[in-house]
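Subject: Structure handover

Hi there,

Here is the structure I promised to pass on to you. My notes on it follow just below.

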Amino acid sequence: MPSFYTDHYVNQTVMQFFSKSLELPLLNINDYKDNDEIFITYGILRGTGEIIKKKKENFIYIDHGFYRSSTRKFTKEKKTILNELGGYFRVIKGDLYFNNFEFELDSKRFDELDIELKDKRKGDIIILSEPSQNTLDFLEIKNWTEDTIDEIKKYSDREIVIHNKFSEIPLKSLLEKAFAFVSCQSTAGFQAITEGVPAYFTHESLKKFGNIVDIEKNQLNYDVLYAAANSQWQLKEFFSDEFKLYIDKIISK
Amino acid sequence: MNQKLYDLYGKRFIEEFALFADKNIKLFVIFEGKVPEEIISKNHNILIIPLLNEKHNKFFKFFGSLYEARGLKVSVFQEKGQQKINVSSDYKFDAIRFSFKPFSIQQSLDYLPDKLDYLIWTDADLRCKKKFFEKDLLNFLPEKEQLMSYLGRKNSYSECGFLGFNLRHPEFYNFINRVINIYITGEIFSLKEWHDSWIWDHVRMEFEEKNNLFKNISGKGFEHHHPFINSGLEKFFDHLKGPVRKKEGQSSSKDYIN
């Protein structure tokens, strides 16, 4: 069961930690040959996305985690600058965003993050968080914003405010006035929940934790936070027995 | 390590480490710039990590453009009634060049598994001579109550090509943070010398004054300018200290105390 790296330094670092902690072969993506084995890699660029699409659910995908991920800056020129790699990384089977099977909802790993859970806010607006261009392209949902606005309007007539990672107004400011947060699969949805704003998702793997049809019920669901915490790991944890057990578990699903 | 140093001696070091180090000893290489393809999928106990350090970037941003911080000294003098300028270079004041080690150590802490007991810093101009295991290195590491082991020298600052850290010592993180703060606050420029060996000694002595214990592993090498290969470490390693030894690929027989 080899894992694959590209020519990007983040991918190379993460995949080294993954493969070497588990003593798996590590190969260049250019050496990939179609087969029935699980495909393991980080990120969707530089050839990995195309292979993932062909594998259906037979892959393990690694990317930045849901909370306390490695700190990054997003510039006006639409570049991402990484400050460090000590943060959490999500490690997911068969999906880019969330494990799409019954998952561990024990709160221990979430509690260890010491993230404050604020009381539910009494806001009015619905924040619509747009996916990145890479996500729109990869999931082939170029009309996501318009389609989701139409969907929301079936269930709510509240004001919808569009936000994305290049918006000048910080998300935290908007959350103070928010009734609900809607995204495709954004980790900002988890931040919203911790800030007391119910979050809803359109991606299949996350809908079960918050579906737009229930938007006016205005309920905070912490299960998604616990499941997320149990699906993310720091690079240093890759060497732990706990991580090995986690990998065995998700491979068997 | 960067590409230039990799080409000079880093590649050989990694290959010899891969050949001789027991698999339970992990090597983290903090690499500046594009990582050579050939080492990415090297042994399972060798991980190449990009130099990605916000605090080091800050240090560079604040002080990197200062010639003085790179060891250049400018002095003005009078000669035959004319004012003249003398520019000289002194490695002891090259804070920038010798900043990579402390910040690399600090960055590596993000990647260390929680259950680890020891962290060793080694310069990359190291040669591995024969198979070595964890038990072979224990003598050169701090005891349970000691914070760090180092190669002290009687008549000079310590040789810092080998530093052994006790990750379980209660003051370990304070020690590293103090070293880093000396850089990022600019306090380094108030010290007598600005290279990292001076800083390691300076902070060690501060912590010794607060009753923290350290281990000098120089042994009979204490009175020698090249203690590394006279400390017992020479059984497994050679340290190519300075340009001549690097060019030769080994220490000279004159470097060893009989």
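How many residues of chain A are in contact with chain B? The answer is 22 residues of chain A, which touch 24 residues of chain B, where contact means heavy atoms within 4.5 Å.

Before the rest, some conventions. This is a predicted model, in which local features need pLDDT of at least 70 and side-chain atom pairs count only at pLDDT 80 or more, while totals for chains, interfaces and linings use all residues. Residues are numbered from 1 along each chain as its sequence is written, chains are lettered from A and ligands numbered from 1 in the order in which they are written, and side-chain values use heavy atoms, with hydrogens and water left out.

**The interface**

The size of an interface is often given as the accessible area lost when the parts come together. Between chain A and chain B about 2,000 Å² is buried, and carbon and sulfur atoms give 58% of that; buried area is the accessible area (1.4 Å probe) that two parts lose on being put together, summed over both. On the chain A side, Lys20(A), Lys236(A) and Phe239(A) lose the most area to chain B, together 31% of what that side buries.

Lys236(A) also has a charged partner: its side chain meets that of Asp114(B) in a salt bridge (3.4 Å, N to O).

As for secondary structure, α1 (9–21) and β2 (26–28) of chain A each supply at least two residues of the side that touches chain B. The largest share, seven residues, comes from α1(A). Helices (H or I, at least four residues) and strands (E, at least two) are DSSP runs, numbered from the N terminus.

**Positive phi in chain B**

Most residues other than glycine have a negative phi. Lys80(B), however, has a phi near 50 degrees and lies in the loop between β3 (70–79) and β4 (82–94) of chain B. Asn211(B) has a positive phi of about 70 degrees and lies in the loop between α6 (196–209) and β9 (213–216) of chain B.

Are these two residues buried or exposed? Lys80(B) is exposed, with a relative accessible area of 83%, and Asn211(B) counts as exposed at 68%. The cut-offs are under 20% for buried and over 50% for exposed, with partly exposed in between (1.4 Å probe, protein chains only).

Best wishes

How values were computed. A salt bridge is a side-chain nitrogen of Lys or Arg within 4 Å of a carboxyl oxygen of Asp or Glu.
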